[in-house]
Amino acid sequence: MILSPGDRLHRPASKGLLVIGDPHVGSRRPGRRTDASWPSAVMGKLERCVALANARDLVPVILGDLFDRPVERDVALKAQLIRILQGFRHRAIVNVGNHDMAHTTLSDGDSLALLGICDVVDVAAASGPVAVLDVAGHRLGLGMTPFGQAIPTTVSGLLPEANRIAWFTHHDIAFEGAYPGAVPPFAVEGCDLVVNGHIHRTHKGLLAGQTRWLNPGNIARLSVDLLQHVPRAWILDGSGELEAQDLPYEANVFDLTGRLVEAASEARVAQAVESAFVSLLQAQVPANLKRSDDGSLIREDIEAKFAEDATPDAVRAIVRSLLDEAVERNAKT
């Protein structure tokens, strides 16, 4: 279902949650991935998550960006994804990421909305409380805030029957140093733990007041800057502790031609992008669309420019939509 404000999910008692970061399921191969078959690597990780969740009696929580683009046009891939998600003994609870929606909020035209309407997953489309779960003897309250919506500064009184609250977000959070557009972790009154998606690398947790902020990182390495990232799912128990679970992956799956591979902060990447956004598009769109099926190389530059300029979310959505249309047209020529 797609949760409306005021809705609460009901689940049987479980041993914990399985936190799954940004799968980015999509039929288009990321520009520098060299896998013989795509997206089998991502689907294999989700299948492993199903096996792990069922074996350990865990409720799966997906942090957002289940899809890599709002409208996935490969019907066979969507059918495969549905079969995998239906394998969870406890239905997955999904936050809405920026890649899941064509506009600033989830709409019926988005593929994730269809999965929610058909009861394949439960989708939190608006910020607010989601459920109170009986987790290993604890009453664990869950809340979610989708991408582009304001993270609450207090959750006191929203889930009065819970003795611990975990909130799930999909935002630019400054875990390791500030960068343009990123929000520093802050104390959320009444909230014990905030678990963030959106940022693809695993970051060290931070404490803001009584609120602990964590960023587990995603399960799929889509870009070369994630070369050293280890894809993991994370078990969250009733006491609020996270336990890492390594997922199967191949280390060397990137074409590094023309790249100096070293750890780089997002600020350094942004500084390497041309200062003029229009000239960037004019100079690089034709070449980069031809160099990658999914336009991911020009997308890297655009996203870096967004970060540098703190571009408003509404403008980002429009530009991403235009790029998706350009990639679709290019694929037909």
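**View 1. T169 in strand β8.** T169 has its place in strand β8, and in this predicted model the residue is buried, with a relative accessible area of 0%. Leaving aside residues up to four places away in sequence, T169 touches L63, N95, T145 and I151, and also V194, V195, N196 and G197. With N196, the side chain of T169 makes a polar contact of 2.7 Å.

**View 2. Strand β9 and its two partners.** Strand β9 covers residues 193-196, where L193 and V195 point one way while V194 and N196 point the other way, and all of them are buried. Strand β8, made up of residues 164-169, is joined to β9 by four bridges, and the two run parallel; across this pairing, F168 stands opposite V195 in β9. The pairing of β9 with β11 is also in the parallel sense and extends over three bridges, with L193 standing opposite R212 in β11.

View 3. Strands of a sheet pair through backbone hydrogen bonds, and they do so either parallel or antiparallel. Here six strands form an open sheet with mixed pairing, in the order β6-β7-β8-β9-β11-β10. The edges are taken by β6 (128-135) and β10 (203-208), and because each has a single partner strand, one side of each is left without a neighbour in the sheet. From one strand to the next, the twist averages 20°.

**View 4. The antiparallel pairing of β10 and β11.** At the β10 edge of the sheet, four bridges join β10 to strand β11, which spans residues 211-215, and these strands run antiparallel. Within this pairing, A208 has T211 in β11 as its bridge partner.

View 5. H198 has its place in the loop between β9 and β10. Is this residue buried or exposed? Its relative accessible area is 15%, and since buried means under 20%, H198 counts as buried. When residues up to four places away in sequence are not counted, H198 touches D22, N98, F147, H170, H171 and D172; with D172, a polar contact of 3.2 Å joins the two side chains.

Technical notes
Residues are numbered from 1 along each chain as its sequence is written. This is a predicted model: local features need pLDDT of at least 70, side-chain atom pairs count only at pLDDT 80 or more; totals for chains, interfaces and linings use all residues. Side-chain values use heavy atoms; hydrogens and water are left out. Two strands pair if DSSP finds at least two bridges between them. Axes are lines fitted to C-alpha atoms, for helices over the stretch in contact, and angles run from 0 to 180 degrees between N-to-C directions. Buried means under 20% relative accessible area, exposed over 50%, partly exposed in between (1.4 Å probe, protein chains only). Contact means heavy atoms within 4.5 Å. A polar contact is a pair of N or O atoms within 3.5 Å; within protein, one must be able to donate a hydrogen and the other to accept it, and residues adjacent in sequence count only if both atoms are side-chain atoms.
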